[in-house]
Amino acid sequence: MPSVIVEDSVGIVNSQIYTHTQPFTLQCGTTLPSYELVYETYGVLNENKSNAILVCHALSGHHHAAGYHSMDEKKPGWWDTCIGPNKPIDTNIFYVVSVNNLGGCHGSTGPLTLDPETQKLYGPSFPSVLVRDWVVSQSHLADHLGIHKFAAIVGGSLGGMQALQWTIDFPDRVNAALLIACAAKLSAQNIAFNEIARQAITTDPNFFAGRYVENSVQPSQGLMLARMIGHVTYLSDDGMRERFGRELKSGDLGSGGGVEFQVESYLHYQGRAFSKHFDANTYVLMTKALDYFDPARETGNDLVATFAPVKAKFLVLSFSSDWRFPVERSREIVNALIEARKNVAAAEIESDQGHDSFLLPIERYVRILRSYLIRIADEVCK
Amino acid sequence: MTLRADLKLISELVNPNARVLDLGCGEGDLLAHLQHTKQVNGYGLDVDANNIRICIDKGVNVIEQNLDDGLSNFADDSFDMVVMTETLQSVREPDHLLKEMLRIGEECVVTFPNFGHWRCRLQLMTFGRMPVANHLPHSWFNTPNIHLCTFKDFEALCLDLNLRIIQRRVVDYKHNEYTWLSSAPNLLGTVAFYRLGKNS
């Protein structure tokens with residue numbers, strides 16, 4: 001709980017709901033009769049509406065990116081280190097929009113919503129949603145907010161994929177895209193980890209083919225396992241050694257049993273906490289969106305051709321110890337952007353915190369974000 | 001902003017809207033100038049964290065990439081001009097890099113400190129010590145300059161590699177060009193400036 005709101009916090013924030021009253025046909029062909037997106041905004045939209053930044057969330061993220069919902073909230077939003085007055089995404093300058101994606105479980109229309117046709121929860125029958133669908137739905141919200149062109153769209157991991165898709169699908173609506181710990185498509189290893197996570201969930205006896213709510217249970221064990229697997233892949237070997245080593249939480253190695261290592265305890269805690277506030281069907285849906293993301297597929301796997309219509313400029317950042325979205329994946333994007341003659345700057349940040357680095361206040365990373373966005377502000381936020 | 005004299009010389013050689021790659025772009029002065037004055041599509045490679053941030057401040061397309069890791073990520077003939085100022089002497093494989101520069105670029109410009117300058121020769125001859133000069137300020141043990149050469153050495157390498165020397169210019173350590181320097185470049189010139197092309 002924050003006893004006081006510090007100066008560089010956006011303070012107490014309220015979520016809002018955008019209702020799209022028109023039918024929305026998804027890439028998979030299914031039409032949602034209408035949908036809602038829950039979102040937050042920080043800062044003030046300027047008169048020209050030229051200072052908006054869209055923040056896209058990653059796999060397990062949501063719309064609450066900065067500040068506190070109340071004085072009782074234990075932790076601020078997930079990217080509070082970077083969003084706020086005088087922070088790199090400076091809310092004194094920018095108007096920041098953060099959305100919970102369609103299919104999410106934090107208030108936007110998704111598996112936990114009633115299907116108006118059946119009057120039952122969508123649950124596992126919620127249609128498959130792709131990154132492209134997210135981008136289109138975000139553009140509807142932008143229309144609603146009166147934002148024609150974003151000064152920047154920022155995202156890490158799956159969030160970066162949304163920013164990238166924006167530049168391809170709406171070239172005139174993005175001034176700059178900041179792709180952090182991102183990839184133009186997942187590797188086989190990545191898809192494998194996602195499938196293990198999905199199997200952990202769907203084979204939980206409490207999953208009931210996705211109808212667990214109706215059965216008044218939760219596939220908590222499966223969701224916890226899925227999160228534990230994911231979490232290990234977001235850290236690095238060095239980072240884990242540094243943080244946990246072989247420290248024991250309880251027991252004695254000499255006694256030959258009843259031992260719990262710190263790392264085990266940590267993963268159990270993280271997994272359990274996650275399983276309490278995340279929906280299993282949403283996890284399956286979002287990992288699929290990750291797996292299917294492949295914007296170059298339509299141009300015969302030619303990323304350079306995919307980038308041909310793009311008008312945005314790019315900042316591409318990656319982290320040395322990230323093995324889930326390694327620096328090579330970012331280099332692929334950068335090389336294709338250069339060949340496509342797009343403006344791009346790229347840095348590879350030294351960090352032993354793995355994929356999770358993009359959420360951490362690493363000095364060099366934060367300074368680059370700040371520098372880049374100051375430049376953007378000078379160029380477009382008049 | 002006043003542009004360093006050698007960068008001004010390079011700038012004169014670049015056509016408007018050209019594709020330019022600057023290897024070891026430092027603080028991005030050349031590219032910022034070219035973007036502003038000639039609307040080039042330019043990229044700079046560097047590894048220094050501070051330089052990279054300064055480039056970003058200036059809106060320069062800077063890419064964090066170590067020249068010693070090669071340039072295989074750039075396609076053949078993908079740039080009009082590839083530039084490398086005062087960096088040749090500190091890379092691991094200068095000969096390989098020169099070939100790569102002309103694979104990627106139509107033309108290239110290379111500048112480097114001349115180890116054959118009379119001060120270097122004098123220091124080595126009279127004191128028997130490794131030369132330290134305005135254009136070579138480091139001691140032998142902490143110098144990043146691991147592949148020093150002279151005008152003559154460089155031209156011999158160009159011949160070996162079958163690279164065409166389009167132009168040679170001779171400048172002092174402040175990169176100013178005086179005609180008298182050209183009378184004996186290998187002895188009087190502190191910085192060598194070469195414009196290279198492919199031999200057909």
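This is a predicted model: local features need pLDDT of at least 70, side-chain atom pairs count only at pLDDT 80 or more; totals for chains, interfaces and linings use all residues.
**Helix α1 and the rest of chain B**

Trainee: Which are the buried residues of helix α1 of chain B?

Mentor: In α1, residues 5-13 of chain B, they are B:D6, B:L7, B:L9 and B:I10. Buried means that 20 or more other C-beta atoms, placed from the backbone, lie within 10 Å of the residue's own. Helices (H or I, at least four residues) and strands (E, at least two) are DSSP runs, numbered from the N terminus.

Trainee: Where do they fall, seen down the axis of α1(B)?

Mentor: Within an arc of 155 degrees, so they line one face of the helix. That arc uses the directions from the helix axis to the C-beta atoms.

Trainee: Thanks! What covers the buried residues of α1(B)?

Mentor: The cover includes α2 (29-38), β4 (79-85), β5 (105-113), β6 (163-171) and β7 (191-198) of chain B. Contact here means C-beta atoms, placed from the backbone, within 7 Å.

Trainee: New topic: how many helices and strands are in chain B?

Mentor: Chain B has 7 helices and 7 strands. Buried residues are 42% of its 200 residues.

Trainee: And how many residues does the contact take from chain B and chain A?

Mentor: Chain B gives 15 residues and chain A gives 18 residues. On chain B's side, α3(B) supplies the largest share, 5 residues.

Notes
Residues are numbered from 1 along each chain as its sequence is written. Chains are lettered from A and ligands numbered from 1 in the order in which they are written. Two residues are in contact if their C-beta atoms, placed from the backbone, lie within 7 Å. A residue is buried if 20 or more other C-beta atoms lie within 10 Å of its own, exposed if 12 or fewer, and partly exposed in between; C-beta atoms are placed from the backbone.
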